[in-house]
Every structure is written in structure tokens, then in C-alpha cells.
Amino acid sequence: WGEFLHMPGKKFFSFDEIRDEIVNDTEKKTGRNLGISPVPINLRIFSPNVLTLTLVDLPGLTKVPVGDQPKDIERQIREMIMAYITKPNAIILAVTAANTDLANSDGLKLARDVDPDGARTIGVLTKVDLMDKGTDVIDILAGRVIPLRLGYVPVVNRGQKDIETKRTITSALDNERSFFEGHHSYQSKAQYCGTPFLARKLNLLLMHHIKITLPEIKANIAAKLAKNRAELEHLGDPLTDAAGQAANTTLSIITEFCTGFCKALEGQSADLSTLELSGGARISFVFHEIFTNGIKAVDPLEHIKDSDIRTILYNSSGSSPSLFVATSAFEVIVRQQIKRLEDPSLKCVAMTYDELVRIVNQLLNKPTFKRFPQLRDQFNTVVITFLKNATLPTNQLVQDMVAMEQCYVNTGHPDFVNGNRAMAIVNERMHPPKSGPAPAVANGRASVGAGERSLDEEMNLPKDTGFFGSFWQGGKKKRGAVMEPPPPVLKASGTLSEREQQETEVIKLLIQSYFNIVKRTTIDMVPKSIMLKLVMHAKENLQRELLKELYNPEALEDLLKESEATVARRAECRKMIDALKRADSIVSSV
């Protein structure tokens with residue numbers, strides 16, 4: 001009987017019906033006017049009188065389109081043929097009429113294009129009975145015209161009249177055998193001619209090819225079987241005992257997730273990447289590269305002008321001018337600059353949070369969570385909420401650390417350049433030592449007498465200036481001793497006096513020195529704070545949070561509802577495993 005792939009389950013016991021169905025299906029796909037279609041008609045024949053063989057019947061090359069055939073029908077048919085014969089495991093039957101010139105055979109030409117050595121091409125010579133008297137194909141069969149490694153087989157098919165009169169295949173085979181046994185050129189080789197010999201030859205070639213490729217086929221089956229079994233194991237069995245099994249499954253998933261989370265942070269994950277940083281290594285990169293360089297880039301003097309420092313110096317002195325560099329001016333400025341470290345520190349917290357979320361998302365993309373989409377959504381909600389809540393005390397601790405640095409300026413720090421040292425450095429910069437004769441000295445005192453100096457000189461101030469030096473250079477009028485009230489707004493203007501320049505440089509040096517100390521402390525302590533309040537907190541308390549939020553017996557059944565894709569994929573895997581087992585059994589029996 002015969003069975004068509006497009007009509008599964010229906011058996012055709014009459015081959016006339018099979019022929020009619022071929023015609024019907026052809027007309028459905030191509031119409032009734034000699035159209036073509038690359039979609040094959042699949043027919044399986046079950047009979048004790050046929051050999052195990054798969055035959056693909058391709059159309060012959062058409063040069064001129066007729067009927068409904070497209071103008072490029074030759075190209076379409078050629079592409080259709082090439083799609084099949086280019087496969088290295090295909091045996092090509094190059095069919096050629098014996099009463100034509102073999103050198104003009106389209107079939108042999110196409111076969112040679114894809115099989116130049118002729119290792120998988122069999123020549124089939126038809127219409128041997130229609131050759132002129134006195135001619136035969138003996139030279140072709142002997143390989144003296146166009147040799148093929150697998151040789152040629154001559155056959156005698158039914159003619160168009162035989163088909164129209166519905167001559168049976170059995171009768172046609174008898175006629176073919178009689179022709180070769182009765183022809184003087186083929187009598188001695190009749191056993192190597194005809195359709196039955198061609199079928200046996202193809203069967204032997206198929207079996208030989210199977211034996212050659214059998215080890216590879218077995219290996220492929222074993223590999224696919226192992227792959228599908230592993231995937232089926234990942235998908236797991238469907239939950240039958242809804243209450244008990246759901247509870248155990250949830251506990252197992254929570255434990256597996258938290259273990260994976262900790263291992264990712266510690267760099268002990270089973271699937272460590274060789275291509276990019278992942279897990280805890282990315283957090284380390286945030287601490288030691290991004291945050292460290294960000295803090296180092298903060299310049300405490302970036303937004304402070306010398307005139308600002310001069311103004312703060314005078315303001316911090318109050319109503320009594322200071323004799324030395326004012327400590328309060330230094331502290332005011334340095335506290336303002338320490339506050340600038342708060343923003344990059346909080347950004348470091350945010351980036352660490354982002355990296356933890358990144359790890360969570362990687363874990364939630366595993367097959368277990370694809371199997372239970374609702375559980376995945378709940379996991380994501382609980383974990384993200386937990387991490388967000390943990391960032392609040394982390395931010396507070398970081399802000400408190402910056403506030404501590406602002407609160408107490410420790411000028412006694414061993415790394416801090418104290419005032420005397422700073423003054424000496426500035427003096428050396430402003431007045432580098434010069435070689436030359438020492439000034440004249442009489443009785444241990446300068447040669448200029450005290451009575452010869454003016455009041456400004458006694459006060460060590462430039463002439464015609466006050467204590468404020470060049471702080472405000474308004475329009476001065478020579479009007480005797482008339483005094484004018486100060487303007488409503490006094491702002492720094494004019495160039496700095498030598499004393500102001502010296503004090504400003506001292507303040508800048510002190511700020512730079514102390515700010516470097518604070519930056520080192522911040523670079524060291526902020527990552528420690530984040531590790532304590534965020535990372536370690538997550539490692540130690542995430543599992544407890546998941547159990548509290550998700551381990552609810554009443555809601556577990558809904559959470560563990562499998563996705564339709566998982567159910568379908570499990571069925572596909574089981575079906576594939578059964579098919580591969582049957583294939584393995586068949587191959588093992590060969």
C-alpha cells in the first residue's frame with residue numbers, strides 16, 4: 001500500500017488511486033497547465049516486493065516555457081535540481097536517452113558540476129529499445145565514452161502508448177527482461193541491465209553509504225540524545241502533588257538562587273566568563289577604577305579664586321585683624337570642598353546597586369525561571385525591593401562619613417602640612433634665597449634708626465595703604481582729613497598685596513594637603529561602607545527575605561504554574577528522545 005505525507009493515516013491499496021492523488025496534488029500546487037512547484041509530494045510505498053530506498057524524482061530541464069510556466073522556468077528548475085544534488089550524501093541518477101548524443105546530456109553536465117569525480121553519479125540510459133538498428137550502448141557501459149565510477153545501467157521503460165493503455169508494471173518488467181535477454185549485444189550482460197538491477201544496485205550503494213557513515217550517525221544520535229535528556233532534566237517533571245512538591249520546589253529554587261548570587265559575588269560561579277568581567281569583579285572595578293579615579297579628579301581649588309580666599313581671610317578675622325593666617329578661614333574653605341565628595345560617593349552606591357541587579361537578572365534568565373514565569377516576576381520584585389531598601393542605610397552611612405570629615409578638621413594628622421611648614425614653603429617660593437653681601441649692621445641693629453621710619457613702616461605696611469591693603473581700591477580723593485563712609489557692598493578688587501598673596505598661598509597649600517588626606521580616607525572607607533551595608537547585607541539576608549515573602553503555601557500553586565512554552569518544549573523533548581531511541585535501536589541493528 002501507499003501513504004501520502006499530506007494525508008496522514010490514509011492507506012491507498014490501489015495504485016491507480018495513488019496515481020490519481022499525485023495528479024490531484026500536483027494540480028493543487030501548480031495548476032492544470034504544466035506549472036511547477038518546489039514543494040515535493042511525499043509518498044511512501046510499503047511492499048515485500050520493494051527494497052529500502054528513498055527516491056527523489058526531479059523534473060527534467062525545460063528550455064522553452066509552455067502553458068502557465070514562468071519565463072525563467074529553466075533557471076527555477078535548475079535551482080530546484082541543484083538544491084538536491086549538491087548534498088554530499090545524495091546519489092545522482094543522471095538519466096539520459098540512449099538514442100541521443102551523451103555529450104549533450106543535461107543530467108550528466110549538472111552531475112559533473114557538483115560531482116566532478118563521478119563518485120556518487122550513476123548513469124541511467126533510457127529508450128535503449130528505440131535505438132537505430134546496428135547501434136548499442138556497449139561502449140558507454142564499458143566507460144569508453146564518458147566514464148563514471150559507479151557506471152551506467154540501461155533500462156526499458158513504458159512508452160506513452162503503454163501508459164495510456166495502462167500497461168502494468170509487471171508486464172513492463174517482463175518486456176524489459178525479454179528485450180535484454182533477446183538482444184545480441186546485451187545477452188551476455190542481461191543480468192546487469194534493467195530496472196530490477198538498477199534497484200538492487202541503488203540499494204547496495206545505500207547500504208554501503210550507511211556503513212561508511214554509521215559511526216558518525218551513531219555519534220550524532222548519541223549527542224542529540226544527551227542534549228535532549230539534559231534539556232528535559234532542566235525542564236523538570238510536571239508538578240503532580242501540588243502542595244508538597246510545590247513547597248519543596250520553591251525551597252530548592254530559593255536556595256539555588258541565593259547560592260548562585262553569593263558565588264557570583266565571590267567569583268566562584270560555575271560559568272565564569274573568559275570574555276568579560278562579571279559578578280563581584282565588576283563591583284571591584286567600580287570601587288578601584290571608577291570611584292577611585294572620580295575622587296582623585298576632584299580638585300579642591302577648582303572653583304576657588306584667590307579673591308575668594310582673600311575675602312574669607314578678612315571675614316574670618318572679625319573686627320580684630322589677625323596677626324597670623326586665620327585657622328577659621330582654612331576650615332571654612334576645606335569643609336565646603338569636603339562636601340563635594342558626597343556626590344561621587346553616592347554615585348558609587350548607585351553603581352554597586354546596578355551591578356547587584358545585573359547579577360540578579362543573569363540568575364533570573366536561567367531555565368528554572370523560564371519554566372515558572374510568575375515565580376520569576378515575584379523573585380524580581382522581592383529582590384529589587386530588598387536591594388533598594390538596603391541602599392537607604394548605605395547612602396546614610398556614606399553621607400555620615402562625609403559629614404564626619406566636615407565636622408572635625410584634624411589639623412594634627414601626621415600627614416598634614418602644618419602652618420609653620422606651609423609658611424616656610426610659601427616664603428621659599430616667593431623669596432628664593434639670593435647670594436650677595438650681607439647688609440650693614442651696627443650694634444646688632446639695622447642701620448636705619450627707629451626714629452627715621454614712618455608709622456606705616458613701623459606697622460610693616462606699604463605706604464599709603466591700610467591693614468586691608470589692596471582689598472578695595474576705590475577712588476581716593478585728596479581732600480585733607482575728610483572721611484567717607486564705606487560703600488554698601490565691599491567686594492575684593494585690585495591686585496593682591498605681598499602679604500595677601502602670601503596668606504592666600506598658605507591657605508591653598510593647607511587646603512590641598514588636608515584635602516588629599518580626606519580623599520585617601522574616602523577612597524578607602526566608602527567601598528567598605530558599601531560592602532558592609534549593601535553587599536554583605538544582601539548575601540546574609542536575601543534568602544531570609546525570599547522565604548518570608550514567597551514561601552506561602554496558599555500562593556505556591558499559582559507561582560509555580562508553568563509557562564505554555566515550557567510545557568510544549570517538554571513534550572517536544574520527550575518526543576525527540578523517543579524518536580532518537582528508535583533511531584539508535586535501528587542503527588545498532590545494521
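This is a predicted model: local features need pLDDT of at least 70, side-chain atom pairs count only at pLDDT 80 or more; totals for chains, interfaces and linings use all residues.

**Cysteines, helices and loops**

Biologist: How many disulfides does the structure hold, then?

Modeller: It holds 0 disulfides, a disulfide being a pair of cysteine sulfur atoms within 2.5 Å.

Biologist: And is Cys258 buried or exposed?

Modeller: Cys258 is buried, since its relative accessible area is 7%; the word means under 20% relative accessible area, while exposed means over 50% and partly exposed lies in between (1.4 Å probe, protein chains only). Another cysteine, Cys573, is also buried, with a relative accessibility of 0%.

Biologist: You mentioned pLDDT. How does the protein chain score?

Modeller: pLDDT is the predictor's confidence in each residue, from 0 to 100. The protein chain averages 79, and 78% of its residues score at least 70. Over residues 438–459, however, the pLDDT is below 50, and this stretch has 11 contacts in the model beyond near neighbours in sequence, where contact means heavy atoms within 4.5 Å. Residues 461–467 also stay under 50, with 12 contacts beyond four places in sequence.

Biologist: How many helices and strands are there in the protein chain?

Modeller: There are 19 helices and 7 strands; these are DSSP runs numbered from the N terminus, with helices (H or I) of at least four residues and strands (E) of at least two. Of the 590 residues in the protein chain, 32% are buried.

Biologist: Let's pick a helix. What does the span of H2 tell us?

Modeller: Helix H2 covers residues 73–85, and its 13 residues should span 18 Å at 1.5 Å a residue, which agrees with the 18 Å between its end C-alpha atoms. The expected span is 1.5 Å times one less than the number of residues.

Biologist: Which residues of H2 are buried?

Modeller: They are Ile73, Ile77, Met80, Ile81 and Ile85. Seen down the axis of H2, the buried residues fall within an arc of 125°, so they line one face of the helix; the arc is that of the directions from the helix axis to the C-beta atoms. These buried residues pack against E3 and H3.

Biologist: What sits between E3 and H3?

Modeller: Ser105 lies in the loop between strand E3 (92–97) and helix H3 (106–114). Ser105 is buried, with a relative accessible area of 7%, and a polar atom of its side chain lies 3.2 Å from the backbone nitrogen of Leu108.

Biologist: Changing topic, where is Phe291, and what does it touch?

Modeller: Phe291 is found in helix H9 (residues 280–296), and it counts as buried at 3% relative accessibility. Leaving aside residues up to four places away in sequence, Phe291 touches several residues, including Pro344, Ser345, Cys348 and Thr522.

Biologist: How far apart are Phe291 and Ser345?

Modeller: They are 54 residues apart in sequence, and 7.5 Å apart in space from C-alpha to C-alpha. Ser345 lies in helix H12 (residues 342–364) and is buried, with a relative accessible area of 0%. Besides Phe291, the residues that Ser345 touches include Ile295 and Val398.

Biologist: One last thing: what is the phi of Lys127?

Modeller: Lys127 has a positive phi of about 55° although it is not a glycine. Most residues other than glycine have a negative phi. Lys127 lies in the loop between strand E4 (121–126) and helix H4 (138–141), and it is partly exposed, with a relative accessible area of 43%. Lys166, which is not a glycine either, has a positive phi of about 60°; Lys166 is in the loop between helix H5 (160–164) and helix H6 (169–182), and at 66% relative accessibility it counts as exposed.

Definitions and conventions: Residues are numbered from 1 along each chain as its sequence is written. Side-chain values use heavy atoms; hydrogens and water are left out. A polar contact is a pair of N or O atoms within 3.5 Å; within protein, one must be able to donate a hydrogen and the other to accept it, and residues adjacent in sequence count only if both atoms are side-chain atoms.
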